[in-house]
Amino acid sequence: MTHEELRTQLHGELLEPPDAGYADARVVWNGMIDRRPALIARCRNAADVLASVAYARVHDLAIAVRSGGHNVAGYAVCDGGLMIDMSLMNAVRIASGLDKAYVEGGATWADVDAATTPFGRATPGGLISMTGVAGLTLSGGIGWLRGTHGLSCDNVIAADVVTADGRLIHASDTENPDLLWALRGGGGNFGVVVNFEFRLHPIAEEMMFCAPAYPEERANEILPQWRDYMATAPDEVSGLAEFSTIPCDPAYPEDTWGKRVLALATVYDGPAGDGERVMQPLRGFGEPLLDFSGRMPYRVLQTLYDGLFPKGRDRCYWKSTYLSNLHDDVIEEITTHLTKRPSEMTYASIWKFGGAVQRVGADATAFGDRTMPFMLSLDAIWSNADVDDANISWVRDVWQDMQRHSTGRMYLNFPGLGEGDNLVRNAYGTKTYARLQEVKRTYDPHNLFHMNQNIQP
């Protein structure tokens, strides 16, 4: 099959470097990623994906699969290979019983929320609405509804997958259940997911977002109080403690510009009035520098972080580790490291786990063990390539030092640039990784799909 033969097979379009639209189509969220595929197949349906996979297999081309293109490691685009761009496959259909949503593989969480929230329903997504559903879900999916309904991957009921050998198969509890298990946290290793079936949950018409921002110099005092509050908070409360710097932006009071803060960003999954009452203690740890708290619909809540992370503008290196505890000495180590961050654009967050996340058994999904109480994510962001080394080195040094307090595992949606020979094996643990290898051998024995957090067959 030639390029032109593939082009005629596609309902979508096939782009090459000289074509209009190619330059925009290859751009992903992380501005550090500058790769040029030989071809970009902008697919409109599963048949387009089948044809694209077949073409890449026959011509021995690397395959990158893009939904939202938000993964910080940049796996959505490759050099010299075929990029399967599913961003045009973004339809979302709600079942008549309002208990399920059928979501195409190129949809973003904004697409899902736009379709589900008018019916008073949602499924757990991330924190940024422009994130692709597929990428976030396949490696876990940590969001505001995790305490009540778990991770995004926990809510996948079934999926339709284009496999390496050119089949379209269904994965559910009764059909290819091994594949469904692997898709719930095992990443994009096993095929191209062209459709997800998600479980939906009722949501309140208006929810409470609690986000007091305290001066960062008080972090060693504030964080133990936040930790103790979260330890006894109900499942409806999910949140993180986030270090950042107030930008020099007219949207913020001028006297706060350049100030480093610790924001206790938290959501209550229930009526806003109940949430405001339950989370009020978080706003009472002294005088906040700013308070971003407010009542809002879930769909609005899901867009609050969008403007902070525009596509393609910034250079990013994010790395994470699960913490086994958050004792006072661990807090002091974290805050000491953060005083040395090279960029004021950087975020660092401590995520609390509990509730529905931890009620899922370690063997139930490929995401694996859920006993970690906290996650530390180090989200370095900067604008100038001249300081790449300083920012990347800072994250790596802090990450390495914090391994003394880690469970040894990490969240594979925040993997740095995916470097490290044993990164994926360590992230899953030996037992889960071995089981994932079995599934990989079944569905992709020649590792056609390797632009991902790769599991070697």
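1. The model is predicted, so local features require pLDDT of at least 70 and side-chain atom pairs count only at pLDDT 80 or more, while totals for chains, interfaces and linings use all residues. Residues are numbered from 1 along each chain as its sequence is written, and side-chain values use heavy atoms, with hydrogens and water left out.

2. The structure contains 12 aromatic pairs; rings of Phe, Tyr and Trp (its six-membered ring) pair if their centres lie within 6.5 Å, with planes under 30 degrees apart counted as stacked, over 60 as edge-to-face and the rest as tilted. Phe196 and Phe198 are stacked, at 5.4 Å centre to centre and 25 degrees between the planes. The pair Tyr411 and Phe414 is edge-to-face, because the planes stand at 85 degrees, with ring centres 5.1 Å apart.

3. Phe196 is buried at 1% relative accessible area, and Phe198 is buried at 0%. Tyr411 and Phe414 are both buried as well. Buried denotes under 20% relative accessible area, exposed over 50%, and partly exposed in between (1.4 Å probe, protein chains only).

4. The charged end of Lys319 sits over the ring of Trp399, 4.8 Å from its centre. The criterion is NZ of Lys or CZ of Arg within 6 Å of the ring centre and within 35 degrees of the ring normal.

5. Glu333, His337 and Leu338 of helix 11 meet Trp394, Val398 and Asp401 of helix 13, contact being heavy atoms within 4.5 Å. Helices are DSSP runs (H or I, at least four residues), numbered from the N terminus.

Notes
Helix = DSSP H or I, 4+ residues; strand = E, 2+ residues; numbered from the N terminus.
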